[in-house]
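Try each task before you read its solution.

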Amino acid sequence: MKISEMKSAEVVRKESLRDPEFRAEWDRTAFAGAVALRVIGYRIDHQLTQTALARQLGMKQPAVARLESGDVTPSLDTLSRLASRLGISFHIDVTPEGVAV
């Protein structure tokens, strides 16, 4: 198969979201994934290792790795720590349909 014949990641994601089980897991991890992207983006923009970022946050490196994995939903205390120590903001919308950042 040629690369030009392959589906894009966006097409695969849209097709996968039609599966109820996939959709449920996607929705369940969406918030944690959004936070993970913010943390990873900050770390890359500031050329920090996970260890250096952990020191800045007063955490251990494995805690940063868990945040960046997007598998663990961060607590409000953790979001507050990220916001105050990194100078980033989170706008959270909680609705009957779910949580969005």
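**Exercise 1. Find which residues Arg43 touches, not counting residues up to four places away in sequence.**

Step 1. Start with the location: Arg43 lies in helix α2. Helices here are DSSP runs of H or I with at least four residues, and strands are runs of E with at least two, numbered from the N terminus.

Step 2. List the partners. Leaving out residues up to four places away in sequence, Arg43 touches Leu48, Thr49, Gln50, Leu53 and Glu68. Contact means heavy atoms within 4.5 Å.

Step 3. Check the accessibility. Arg43 has a relative accessible area of 17%, so it is buried. Buried means under 20% relative accessible area, exposed over 50% and partly exposed in between, with a 1.4 Å probe and protein chains only.

A word on the source: this is a predicted model, in which local features need pLDDT of at least 70 and side-chain atom pairs count only at pLDDT 80 or more, while totals for chains, interfaces and linings use all residues. Residues are numbered from 1 along each chain as its sequence is written, and side-chain values use heavy atoms, with hydrogens and water left out.

**Exercise 2. Describe how α2 and α3 cross.**

Step 1. Take the geometry: the axes of α2 and α3 come within 10 Å and cross at roughly 105°. Axes are lines fitted to C-alpha atoms, for helices over the stretch in contact, and angles run from 0 to 180 degrees between N-to-C directions.

Step 2. Name the arrangement. α2 is therefore roughly perpendicular to α3. The classes are roughly parallel under 35 degrees, roughly antiparallel over 145, roughly perpendicular from 65 to 115, and oblique for the rest.

Step 3. Find the residues that meet: Val39, Tyr42 and Arg43 of α2 are in contact with Gln50, Leu53 and Gln56 of α3.

**Exercise 3. Describe how α3 and α4 pack.**

Step 1. Helix α3 covers residues 50-57 and helix α4 residues 61-69; their axes are 8 Å apart, at an angle of about 105°.

Step 2. These two helices are therefore roughly perpendicular to each other.

Step 3. On the α3 side the contact is made by Gln50, Thr51, Leu53, Ala54 and Leu57, and on the α4 side by Gln61, Val64, Ala65 and Glu68.

**Exercise 4. Which residues of α4 are buried, and what covers them?**

Step 1. The buried residues of α4 are Ala63, Val64, Leu67 and Glu68.

Step 2. Look down the axis of α4: the buried residues fall within an arc of 135°, so they line one face of the helix. The arc is that of the directions from the helix axis to the C-beta atoms.

Step 3. Their cover includes α2 (20-45), α3 and α5 (76-86).

Step 4. Follow the chain onward: after α4 comes Gly70, with a positive phi near 75°.

**Exercise 5. How many aromatic pairs does a search of the whole structure find?**

Step 1. The search finds one aromatic pair.

Step 2. The ring centres of Phe22 and Trp26 are 6.1 Å apart and the planes are at 25°, so the pair is stacked. Rings of Phe, Tyr and Trp (its six-membered ring) pair if their centres lie within 6.5 Å; planes under 30 degrees apart count as stacked, over 60 as edge-to-face and the rest as tilted.

Step 3. Both Phe22 and Trp26 lie in helix α2, four residues apart, about one turn of the helix.

Step 4. Phe22 is partly exposed at 32% relative accessibility, and Trp26 is partly exposed with a relative accessible area of 37%.
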